[in-house]
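Please read it alongside the model.

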Amino acid sequence: MMKLYGMGPTRSLRARWALQELDAQFEFVPVDLQAGEHRHPDFLRLNPAGKLPVLVDGDQVITESAAIVMYLAEKYADKGLMPASLQDRAQAYRWSFFAVTELEQPLWRIARHSFVYPEAKRLPADIPLAREEFLEMAAVLDQHMEGREFIAGERISIADCVTAYVLDWGNENGLVAGFANLAAYLERMYARPKAPQRIAAAMASL
């Protein structure tokens, strides 16, 4: 059985979403970041970067949450999470990478300079700049979502599993409410029966 190493509100939710949409059998292995379990030698053998999530599927060890989603979609190709047409796959790849490069990075900067870094290393002035960058790129996706139910094609795809989590993260920072299409999309996605917990609920359960 596959094992997903993760923790509550982290990007593990993104991988869990794909697993649940695919009805894949897996064991969730909790890794306590606050206790430093991600720095334990046993975990570092799986991911030398010491980051979550990690998927172990037999001899395969896959890190990076978006890569895990893509791997799972290919593994269970008959389930349709990976679009069938080249055109739709191209769009799914495009928006997945857009999410992790253009939307996720400013959110990570906000987190780092708000609470992740030791206080002496935080740059408070970087936070409004990162918020501005997120809003600029969110506007691009909001325009793309006009009249669309899903990001690429006519059904849920890898792009949705990757992007919805990022938007929920943005929502936790009060950055999504001003975009009607994104706010509606976020509610639709998390209303799905196989959606994972939202970040706030996952955080509260720690």
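Arg11 lies over the face of Trp108, 5.3 Å from the ring centre. A charge sits over a ring here if NZ of Lys or CZ of Arg is within 6 Å of the ring centre and within 35 degrees of the ring normal. Arg16 does likewise with Phe28: its charged end is 4.4 Å from the centre of that ring.

This is a predicted model, in which local features need pLDDT of at least 70 and side-chain atom pairs pLDDT 80 or more, while totals for chains, interfaces and linings use all residues. Residues are numbered from 1 along each chain as its sequence is written, and side-chain values use heavy atoms, without hydrogens and water.

**Aromatic pairs**

The structure holds five aromatic pairs. Rings of Phe, Tyr and Trp (its six-membered ring) pair if their centres lie within 6.5 Å; planes under 30 degrees apart are stacked, over 60 edge-to-face, the rest tilted. Two of the pairs are tabulated.

| Pair | Centre to centre | Angle between planes | Geometry |
|---|---|---|---|
| Trp95 and Phe98 | 5.0 Å | 70° | edge-to-face |
| Trp108 and Trp169 | 6.4 Å | 65° | edge-to-face |

Trp95 and Phe98 are three residues apart in helix 4 (residues 86-116), so about one helical turn separates them. Helices (H or I, at least four residues) and strands (E, at least two) are DSSP runs, numbered from the N terminus. Is Trp95 buried or exposed? Trp95 is buried, at 3% relative accessibility. Phe98 is buried too, at 14%. Buried means under 20% relative accessible area, exposed over 50%, partly exposed in between (1.4 Å probe, protein chains only).

The other tabulated pair links distant parts of the chain: Trp108 is in helix 4 and Trp169 in helix 6 (residues 158-172), 61 residues apart. Trp169 has a relative accessible area of 12%, so it counts as buried.

**Strands 1 and 2**

Phe28, the ring under Arg16, is the bridge partner of Leu4 and belongs to strand 2. Strand 1 (residues 2-6) and strand 2 (residues 26-30) run parallel, joined by five bridges. Strands pair if DSSP finds at least two bridges between them. With helix 1 (residues 12-21), the two strands make a right-handed β-α-β unit. Right-handed means that, with the strands pointing away from the viewer, the path from the first strand over the helix to the second runs clockwise.

The UniProt record, an unreviewed entry, places "domain: GST N-terminal" at residues 1-80. That span is 34% helix and 22% strand, and its end C-alpha atoms lie 21 Å apart.

How values were computed
UniProt positions renumbered as here; feature names shortened; annotations may be inferred.
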